[in-house]
Amino acid sequence: MQTHGARFLAGAGDAAHVPPARHPEVAFAGRSNVGKSSLLNRLVGQRGLARVSKTPGRTQQINFFLIDDRLVFVDLPGYGFARVPLDVKRQWKHLVEGYLRHRPALRAVVVLVDLRRGLEAEDVALLDFLDAHRITAILVATKADKLARGHRLQCARALKEAAREQAGAVVVCSATTGDGVADVWRAILERCDAPA
Ligand code: GDP
């Protein structure tokens, strides 16, 4: 999909700074370094919108981007850093789960995983949380360009099987080549057009 305008709306380091919801929202979550910023930038066709390769463990914040005056992309802080202190992990949980629990405008969460690595413990925990709160998960496997075609299909099948009970759609893509990015858009728009 061709977007015409995406702009940074707000950043929230705590619940008090989360902006009021005026549009349907789609959130993006995944392990740090999974390629979330790269995919966000690719989806909107703007290289510098979300910052690629942020320093791990820095101040955690939820970033809101307005897309074409009709939809808001919500960039959740990455998780899964082994060396992050416990209080930072707690802050992540508090901030992210607080947002996810209290957001009627939220239409889906895109959960990003590395196609080569598949689902890891933190991804499963997030999918379980979404399932328990009746929030739609769109599972997106990225960095597909790093695998040869045969291996890619094999990993995609394994991921679909592993996520069978927690995620409806599984989309395979690459932010680098753009493969599958139209499918990610399709899955997002399907959720935004579906009745709330
Ligand atoms: P984030 O921490 O999840 O926001 O991840 P980034 O978007 O910063 O990406 C982490 C690293 O992976 C960067 O070096 C990106 O260039 C690289 N990367 C992201 N997406 C892809 C992809 O689809 N293919 C390849 N080959 N590299 C990618």
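Buried, as the word is used here, means under 20% relative accessible area, taken with a 1.4 Å probe over protein chains only. The exercises below concern a predicted model.

**Exercise 1. Decide whether strand β6 is enclosed or open, and explain why.**

Begin with the faces of the strand. In a regular strand the side chains alternate between the two faces of the sheet. On one side of β6 lie Ala137, Leu139 and Ala141, while Ile138, Val140 and Thr142 lie on the other, and both groups are buried, which leaves both faces covered. Next, take the count: because 6 of the 6 residues of β6 are buried, the strand is largely enclosed by the rest of the structure. Finally, turn to the pairing, where β6 runs parallel to β5 and is joined to it by 6 bridges; within this pair, leucine 112 stands opposite valine 140 of β6.

**Exercise 2. Work out the order of the strands in the sheet, and which strands form its edges.**

From one strand to the next, the twist averages 25 degrees. As an example of antiparallel pairing, β3 and β4 are linked over 5 bridges, and isoleucine 67 has leucine 71 in β4 as its bridge partner. Helix α3 packs on this sheet, where it touches β2, β5 and β6, and its direction makes about 165 degrees with that of β5. Helix α5 (residues 181-193) also packs on the sheet, touching β2, β3, β4, β5, β6 and β7, with a direction about 115 degrees from that of β4.

**Exercise 3. Describe how helices α1 and α5 pack, and which residues meet between them.**

Start from the geometry: helix α1 (residues 36-44) and α5 pack at an angle of about 85 degrees, and their axes are 10 Å apart. Angles of 65 to 115 degrees count as roughly perpendicular, and α1 and α5 are therefore roughly perpendicular to each other. On the α1 side the contact is made by Leu39, Arg42 and Leu43, which meet Val181, Val184, Trp185 and Ile188 of α5. Sorted by class, this contact has 6 nonpolar residues, no polar ones and 1 charged residue.

**Exercise 4. Identify the element that gives the largest share of the largest nonpolar core, then examine glutamate 97 and tyrosine 99.**

The largest nonpolar core has 36 residues, among which Leu76, Tyr99, Leu100, Val109, Val111 and Leu130 touch the most other members. The elements giving two or more residues to this core include β2 (25-30), β5 (106-114) and α3 (121-132), but the largest share, 5 residues, comes from α2. Leaving out residues up to four places away in sequence, tyrosine 99 touches Val18, Glu25, Ala27, Ile62, Phe64, Val74, Leu76 and Leu106. Glutamate 97 has its place in helix α2 (residues 86-101), and because its relative accessibility is 15%, it counts as buried. Apart from neighbours within four places in sequence, glutamate 97 is in contact with Trp92 and Phe129.

Conventions
Residues are numbered from 1 along each chain as its sequence is written. This is a predicted model: local features need pLDDT of at least 70, side-chain atom pairs count only at pLDDT 80 or more; totals for chains, interfaces and linings use all residues. Side-chain values use heavy atoms; hydrogens and water are left out. Helices (H or I, at least four residues) and strands (E, at least two) are DSSP runs, numbered from the N terminus. Buried means under 20% relative accessible area, exposed over 50%, partly exposed in between (1.4 Å probe, protein chains only). Contact means heavy atoms within 4.5 Å. A nonpolar core is a set of buried Ala, Val, Leu, Ile, Met, Phe, Trp, Tyr and Cys residues joined through side-chain atoms within 4.5 Å. Two strands pair if DSSP finds at least two bridges between them. Axes are lines fitted to C-alpha atoms, for helices over the stretch in contact, and angles run from 0 to 180 degrees between N-to-C directions. Angles under 35 degrees count as roughly parallel, over 145 as roughly antiparallel, 65 to 115 as roughly perpendicular and the rest as oblique. Ala, Val, Leu, Ile, Met, Phe, Trp, Tyr, Cys and Pro count as nonpolar, Asp, Glu, Lys and Arg as charged, and the others, Gly among them, as polar.
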